[in-house]
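Hello,

Here is the structure I promised to hand over.

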Amino acid sequence: MNIRLIEGQGVPLDPDRDERDRAARRAALDALAAIPSPEPLDTVGYRSVGRTLVVGTRADALPWAERVAAVLPVTVVLLDGDGDDDNDHAPRLFPVFAARALVVTGWLGAFDATWQAGARTPEHARFDLVLDLGATPQIATHQRPHGYYAPGPDAAARQAAVAELAGMVGEFEKPTYFAYKERLCAHGRNRKSGCNACVDVCSAGAIAGAGDLIAVNPYLCAGCGACTTVCPTGALGYAYPSAAHTGMRIKVLLAAFAQAGGREPVLLVHGAEGAALLAQPDAVPGRVLPLGVHHTASTGIDLWLAALAWGAAGVTVLMTEAEAPQYAAALDEQMTVAQTIMTGLGYAGSHLQLLRVSSADELALALRHAPRGDVPARHAGFNVAADKRNTLDYALEHLLREAPRPADEIALPAGSPFGALDVDAAKCSLCMACVGACPASALQDGQNAPQLRFIEKNCVQCGLCATTCPEDAIRLVPRLSLRESRKQPAVLNETQPFHCIRCQKPFGTVRMVESMLARLAGHPAFAGHLDRMRMCGDCRVIDMMTPSDEQTIHQAHELRRR
């Protein structure tokens with residue numbers, strides 16, 4: 001059992017209070033059940049005719065392939081052969097190959113298998129389904145693709161996989177769980193690396209870098225939503241169900257509980273695996289309100305802070321050992337940020353709890369320590385926005401307005417999605433490379449003035465500005481500013497403009513031009529023409545097209561000679 005510990009939260013249970021909370025919970029769950037399920041905006045389709053690849057050693061693969069072949073077309077690739085085809089001359093209803101090396105990729109209806117058989121040219125074939133009985137799965141991602149079964153050595157698990165394979169013939173579809181806004185993506189700019197959070201957290205291997213952007217494979221995406229939770233900008237959003245729909249469910253649940261007389265509610269977010277641990281409702285305190293979601297990794301700091309603003313005394317996220325370990329790590333980091341904010345605003349107690357348990361008894365024990373933090377005296381009325389950062393703004397503004405101890409600034413741990421920038425003015429040449437790299441419009445130029453300006457509210461701490469800066473003049477400062485000035489442009493650096501020596505039009509900055517002159521003074525291409533670097537673009541072209549006196553004299557001599 002892995003539990004994010006909450007100190008001092010083990011308050012003795014009042015049976016009368018608990019019974020009233022249970023009655024309020026029933027009313028709240030009735031209100032939750034009345035909310036209609038959303039319809040997916042888009043779907044992904046699969047088509048399978050049942051062509052099945054069975055992988056494993058001779059002792060494992062052949063007997064199980066016989067069972068599968070009774071209902072589906074089968075091809076077997078043996079992992080313990082000598083590199084030649086199976087030559088035991090036993091009558092087979094399916095082809096058998098012995099492989100020295102095997103690579104399997106793809107998804108339901110589109111698995112590609114490539115194997116080396118002896119000294120021959122590598123074999124390649126496409127399959128709809130895969131039954132992998134090898135000691136090590138060919139596809140090692142935590143979340144396996146649809147149509148891929150790696151049941152391990154247990155006979156019952158293998159039998160269940162074979163039974164499920166028989167039903168995987170036909171046309172299938174699933175929702176497209178994500179929406180991607182390229183313009184907000186902080187993955188990269190100008191071949192410089194920035195945020196890689198979604199790539200790192202995806203347990204299905206569905207996300208990969210694609211230059212400055214990312215590419216999400218909708219066929220591999222399992223809809224866990226972890227990518228949308230860790231995305232600092234909201235470039236990746238949970239499309240099915242949307243954050244707005246989940247937020248509405250949370251708000252309705254909390255409001256109905258309070259209206260029915262419940263107190264100190266705790267939102268218990270759980271997935272399908274966690275639902276099985278909640279089969280004994282008597283073990284769950286009355287103030288704990290279960291909220292089933294497609295996957296627990298799909299909720300994050302925006303929805304948690306919104307729930308606290310709506311009156312939840314805490315949020316507990318229930319995970320099991322079946323879920324990827326990187327999900328727990330990501331949620332734990334976000335809980336640290338959220339709790340730091342609540343504590344910094346003077347809300348006493350703990351508000352976030354991450355549970356990773358494997359039995360109902362462990363869950364019952366852990367929920368005795370469910371969060372019981374202070375909340376705003378007046379509950380917020382906002383709804384979750386389509387944009388993640390807007391939801392965070394709504395929640396933070398309400399929490400600040402009602403805070404027991406309002407703060408101007410809260411220091412946050414590294415990796416937080418809020419912060420400022422420290423610019424070394426002595427190094428910064430105001431080249432504005434950082435402005436072009438910023439995906440959130442946090443950094444801006446001075447328009448007609450040589451200034452570097454910064455809107456802290458927009459900053460997501462992706463680090464692209466620091467990575468891009470050629471002078472290494474930028475340092476990230478993770479913090480949450482709650483001053484009104486965070487919404488307005490602040491000047492981080494400025495200098496005097498440089499004026500063209502021919503037309504006097506301002507262009508560039510004194511420091512930038514001086515830096516270029518110092519770097520190019522000894523370059524042979526600029527010998528005798530260094531003053532062109534002191535000209536604006538138009539005058540530089542004119543000067544290049546205007547012959548010098550020496551050139552004019554030479555041209556006159558040439559005309560006389562002719």
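The largest pocket holds about 570 Å³ of space. Bear in mind that this is a predicted model. The lining of that pocket counts 29 residues, and A197, V230, E333, Q334 and G415 sit closest to its centre. Four helices each give at least two lining residues: α4 (197–201), α5 (226–230), α9 and α11 (388–401). Helix α9 has the largest share, with seven residues. By class, the lining splits into 16 nonpolar, nine polar and four charged residues.

Next, the second largest pocket. Its volume is about 390 Å³. Here 27 residues form the lining, and those closest to the centre are L236, G237, Y238, A243 and A386. Two or more lining residues come from each of α5, β17 (236–238), α6 (243–259), α8 and α11. The class count for this lining is 13 nonpolar, ten polar and four charged.

Then the helix pair. How do α8 and α9 cross? The axes of α8 (residues 301–309) and α9 (residues 325–344) come within 10 Å, at a crossing angle of roughly 35°. The crossing is right-handed. From α8, the contact uses I301, W304, L305 and L308. Their partners in α9 are L331, Q334, M335, V337, A338, I341 and M342. Ten of the contact residues are nonpolar, one is polar and none is charged.

Best wishes

Terms used
Residues are numbered from 1 along each chain as its sequence is written. This is a predicted model: local features need pLDDT of at least 70, side-chain atom pairs count only at pLDDT 80 or more; totals for chains, interfaces and linings use all residues. Side-chain values use heavy atoms; hydrogens and water are left out. Axes are lines fitted to C-alpha atoms, for helices over the stretch in contact, and angles run from 0 to 180 degrees between N-to-C directions. A crossing is left-handed if the near helix is turned anticlockwise from the far one by less than a right angle, and right-handed if clockwise. Contact means heavy atoms within 4.5 Å. Ala, Val, Leu, Ile, Met, Phe, Trp, Tyr, Cys and Pro count as nonpolar, Asp, Glu, Lys and Arg as charged, and the others, Gly among them, as polar. On a 1 Å grid over the protein atoms alone, a cavity is a set of points where a 1.4 Å probe fits but cannot get out, and a pocket is an open set with protein on both sides within 12 Å along at least five of seven lines; lining residues have an atom within 4 Å of a point. Grid points are joined across faces, edges and corners, and a volume is the space filled by probe spheres set on the points.
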